[in-house]
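Subject: Structure handover and findings

Dear colleague,

Please find the sequence and the structure below. A description of the findings follows them.

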Amino acid sequence: QLPTTYEDCWTLNMVDSWGDGWNNAYWTWFDMDGDGGVLATGTLASGSSESTEICVYPNRGSCYGMNVTAGDFPYEISWTVS
């Protein structure tokens, strides 16, 4: 279970150029220092854009990773962290 407090958060901005969601593409935010546990996961279920928050948790290490799968139409998806 994740801690309920966090040290810092960023915005994950997901875009689909066709406007029909990510079509089986998913993102995963994970801890690379500790147990490698998944901290958050998600997708752009429908539409052309959506944002969500990803956070760094205390006592979970200092190195985090983001993985984004290709899905059915990888040339339609893009993402940024701000």
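Two strands are taken to pair if DSSP finds at least two bridges between them. Helices (H or I, at least four residues) and strands (E, at least two) are DSSP runs, numbered from the N terminus. This is a predicted model, in which local features need pLDDT of at least 70 and side-chain atom pairs count only at pLDDT 80 or more, while totals for chains, interfaces and linings use all residues. Residues are numbered from 1 along each chain as its sequence is written, and side-chain values use heavy atoms, with hydrogens and water left out.

The sheet with β1

Strands β4, β1 and β6 form an open sheet in that order, with antiparallel pairing. At its edges are β4 (49-56) and β6 (77-81), each of which pairs on one side only. On average, and with direction ignored, neighbouring strands of this sheet are turned by 25 degrees against each other; the axes behind such angles are lines fitted to C-alpha atoms, for helices over the stretch in contact, and angles run from 0 to 180 degrees between N-to-C directions. Strand β1 (residues 8-16) is joined to β4 by eight bridges, and the two run antiparallel. Trp10 has Ile54 in β4 as its bridge partner.

The cysteines

A disulfide is a covalent bond between the sulfur atoms of two cysteines. Here the criterion is a pair of cysteine sulfur atoms within 2.5 Å, and the count comes to one disulfide. Cys9 and Cys55 form this link, with their sulfur atoms 2.0 Å apart. The pair links distant parts of the chain, as Cys9 is in strand β1 and Cys55 in strand β4, 46 residues apart. The link of Cys9 and Cys55 is right-handed, with 100 degrees about the S-S bond.

For accessibility, buried means under 20% relative accessible area, exposed over 50%, and partly exposed in between (1.4 Å probe, protein chains only). Cys9 is buried, at a relative accessible area of 19%, and Cys55 is also buried, at 7%. Cys63 is partly exposed, with 32% relative accessibility.

The sheet with β2

A further open sheet of three strands has the order β3-β2-β5, and its pairing is antiparallel. Because β3 (38-42) and β5 stand at the edges with a single partner strand each, one side of each is left without a neighbour in the sheet. Neighbouring strands here are turned by 15 degrees against each other on average, direction ignored. Five bridges pair β2 with β5 in the antiparallel sense, and Asp31 has Tyr64 in β5 as its bridge partner.

The aromatic pairs

Rings of Phe, Tyr and Trp (its six-membered ring) pair if their centres lie within 6.5 Å; planes under 30 degrees apart count as stacked, over 60 as edge-to-face and the rest as tilted. The count by this rule comes to two aromatic pairs. Trp29 and Tyr64 are stacked, at 5.5 Å centre to centre and with 10 degrees between the planes. This pair links distant parts of the chain: Trp29 lies in strand β2 (residues 27-31) and Tyr64 in strand β5 (residues 64-68), 35 residues apart. Both Trp29 and Tyr64 are buried.

Phe73 and Tyr75 form an edge-to-face pair, because their ring centres are 6.0 Å apart and their planes stand at 80 degrees. Phe73 is partly exposed, at a relative accessible area of 33%, whereas Tyr75 is exposed, at 64%.

Yours sincerely
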